[in-house]
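Subject: Handover of a structure and notes on its fold

Dear colleague,

Please find the structure below, followed by an account of what was found in it.

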Amino acid sequence: MAEALATITRQTGLGMITLRADLSRAGDALAEAAGLALPDRTGIVTDGSRALGWMSPDELLLILPAAELPEATLALEQALTGEPGLVVDVSDARAVFDILGPHAADVLAKLAPVDAAAMPRGHLRRTRLAQTAAAIWRIEGGFRVIGFRSTADYLGLILANAAIPGSQLAPR
């Protein structure tokens, strides 16, 4: 029997904080408060337990263990003192999936207009997976996907279907 193209696993226990501000003015302070370097445009910086991703010219997303949310939120709010900005816990509004395995890029290729196989480490891509918005980036052994919680069941289903055994793409 053929093996699945990748293992699809929903991740829990993660906190997510959206940061909105003029990054040319407040970006360094936010990055310092997050404990990570400021990512480049379309980039993501990780240290193992935390990640800071560029979402738009005035938006970052901090991903961290849920237990660290209160302390991180306070530090980020203090970093924005005197600057217009927004620090919002969006953890409950997001769903996170890992796609792991040697054909993880093929799973994404079936669903998104992205050449996932060519995506470099440290690059965050906002796109669509079939009919739902998502952000994707490389992790050890595959990719991480963040989507909206309201579409989590759909997202999990399309990822699982794209990984069905025997459904690999033709060699390129």
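In what follows, contact means heavy atoms within 4.5 Å. Helices (H or I, at least four residues) and strands (E, at least two) are DSSP runs, numbered from the N terminus. Axes are lines fitted to C-alpha atoms, for helices over the stretch in contact, and angles run from 0 to 180 degrees between N-to-C directions.

This is a predicted model, in which local features need pLDDT of at least 70 and side-chain atom pairs count only at pLDDT 80 or more, while totals for chains, interfaces and linings use all residues. Residues are numbered from 1 along each chain as its sequence is written, and side-chain values use heavy atoms, with hydrogens and water left out.

The sheet with β2

An open sheet is formed by 5 strands in the order β3-β4-β5-β2-β6, with antiparallel pairing; two strands pair if DSSP finds at least two bridges between them. Its edge strands are β3 (44-46) and β6 (85-89), each of which pairs on one side only. On average, neighbouring strands of this sheet are turned by 15° against each other, direction ignored. Strand β2 (residues 14-21) and β6 are joined in the antiparallel sense over 5 bridges, and Thr-18 has Val-88 in β6 as its bridge partner.

Helix α2 lies across β2, β5 (59-65) and β6, and runs at about 10° to β2. Within α2 (residues 69-79) is Thr-73. Thr-73 counts as buried because its relative accessibility is 18%, where buried means under 20% relative accessible area, exposed over 50%, and partly exposed in between (1.4 Å probe, protein chains only). Leaving aside neighbours within four places in sequence, Thr-73 is in contact with Ile-17 and Val-87.

Neighbours within four places aside, Gly-53 contacts Pro-39, Gly-43, Ile-44, Glu-59, Leu-60, Leu-61 and Leu-124.

The antiparallel pairing of β9 and β10 extends over 6 bridges, and Ile-136 stands opposite Val-145 in β10.

The buried residues of α4 (residues 152-162) are Ala-152, Leu-155, Gly-156, Ile-158, Leu-159 and Ala-162. An α-helix has 3.6 residues a turn, so residues three or four places apart point the same way. Among the elements that cover the buried residues of α4 are β1 (7-11), α3 (104-111) and β10 (142-148).

Strand β7 contains Asp-98, which counts as buried at 6% relative accessibility. The side chains of Asp-98 and Arg-144 are joined by a polar contact of 2.6 Å (a pair of N or O atoms within 3.5 Å; within protein, one must be able to donate a hydrogen and the other to accept it, and residues adjacent in sequence count only if both atoms are side-chain atoms).

The nonpolar cores

A nonpolar core is a set of buried Ala, Val, Leu, Ile, Met, Phe, Trp, Tyr and Cys residues joined through side-chain atoms within 4.5 Å. The largest has 25 residues, and those with the most contacts inside it are Ile-99, Val-107, Leu-108, Leu-129, Val-145 and Leu-159. At least two residues of this core come from each of β7, α3, β9, β10 and α4. Apart from it lies another core, of 20 residues, including Ile-17, Leu-52, Leu-69 and Leu-76.

Yours sincerely
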